[in-house]
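Here's my note on the model you asked me to look through. Keep the picture open while you read.

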Amino acid sequence: MIPDGAHTSTLQRFLLKSLPVTQILKHWAGVRNLEWKEEQSLPPRILARLNELGWLKRDGGLLLGDRKRCRAGLIYRHRNGNSVTSHEYIRDLKEHLRACGRRPDDFAIFRPGQLNLSHNVEPGSQPLFYLFWAPERPPLERLLGGKEKLPFTLLAEGGPDTAEVQPKKPAEPASAATSQPFSVSEEHAVTAEPEVQDIPWKDQGYCRYALLGSTRGNRSFKFFIKYGADHLRVFLFSSKEEISDDFLGSMFDALGNHDDPVQGYLEQIRVAAPRDILGLSLSLSDSGGLQFCGFGLSPILIRYGSRARKLPDLRDYYQNFSADRWRVSRGRLGERDQILLCPASMLESEIQELYSRLEQSGQRASSWMRYRGLGKALLLEARPFQS
């Protein structure tokens, strides 16, 4: 944090306000053991995505200096076990920029997921956030007065005091097509589960889902479900230790806004295969198409009238192939087929034990999972699909 009373003299304020933003950011990042890259130094695929947004478009010629709509750069760090969260860094940087004479509407901050940008700059690094700021006029033009401003659309979509700090609460669904992320473990956690003949199901058009087990278990875990009229997407993360909100926030940003969240999760683990946090990303379409990528966690498939079996887990064989050969898994569900997503990995004998109890009743299977401390699992059952 900036100490109280810093940059208070008139001369200091004038000098700091005259410094290029890039110089301020480079110094700020260096003091905090972070890395800083301007847009021209970013990898081509990241720069291409930024250009797609249209914010870096040049509106003027070279004669009158920099006439880009805005400038951009990335703050990232090496994976060295640093426990400081992105939120804390963002808050610190905002205070620093304001102390250096910059106004809140001079810059905007986005996490990578908000821009559908999950790529890392270099191996072993973690992107924290992108910073956009108003282009700076040449010294002569500054003396003549006036200043450049950020594009209004950029500030409206993610200004310095909006989504990168607090995630938006999901809106009430206006129709079946509304995407609504929510946390299963928060919405359905209870201290005493009622004894009923079967588990309660919830309908979601072309499928229905139910919850088995209990939040009490040996692992920390978090589900996210995002559904629309033609898809159902599920993200699951699990660990022996507590999973930080910063990790969950950045992963949900990266996957929840990705055009293909299953492929997006594969991109994440290609950059850095997780050690302590197991994960799974799954997508089910209204035509029955299923695709998923699991690392340490794998869906359990129960075909109607057949026995249960574990689907491929990338962690079981990824070391046998180069990263460019890793693939997501694809298949198709038929009516009344079931998929079970559990935060704990199960042995083959446990899978068959669970299947046997599930055949008797959902409540028996749920009680068995509570007894084994496997956490709370999500059970999906396919309904008639669109042709």
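The points below go through a sheet, the helices on it and a helix pair.

1. Some ground rules: this is a predicted model, so to speak of local features pLDDT must be at least 70, side-chain atom pairs count only at pLDDT 80 or more, and totals for chains, interfaces and linings use all residues. Residues are numbered from 1 along each chain as its sequence is written, and side-chain values use heavy atoms, with hydrogens and water left out.

2. Start with the open sheet: its 4 strands run in the order β1-β2-β4-β3, with antiparallel pairing. Strands are DSSP runs of E, at least two residues, and helices are runs of H or I, at least four, numbered from the N terminus; two strands pair if DSSP finds at least two bridges between them. At the edges sit β1 (35-38) and β3 (107-110), each pairing on one side only.

3. Now look at β3 and β4 (residues 125-133), which pair in the antiparallel sense over 4 bridges. Ile 109 has Leu 131 in β4 as its bridge partner.

4. Two helices go with the sheet. Helix α2 (residues 21-31) lies across β1, β2 (71-78) and β4, at about 160° to β1 (angles run from 0 to 180 degrees between N-to-C directions, with axes fitted to C-alpha atoms, for helices over the stretch in contact). Helix α4 (residues 86-99) packs on the sheet too, touching β2, β3 and β4; contact means heavy atoms within 4.5 Å.

5. Finally, find α10 (residues 348-360) and α11 (residues 362-372): their axes come within 5 Å and cross at roughly 145°. Among the contact residues are Leu 354 and Leu 358 of α10 and Trp 368 of α11.
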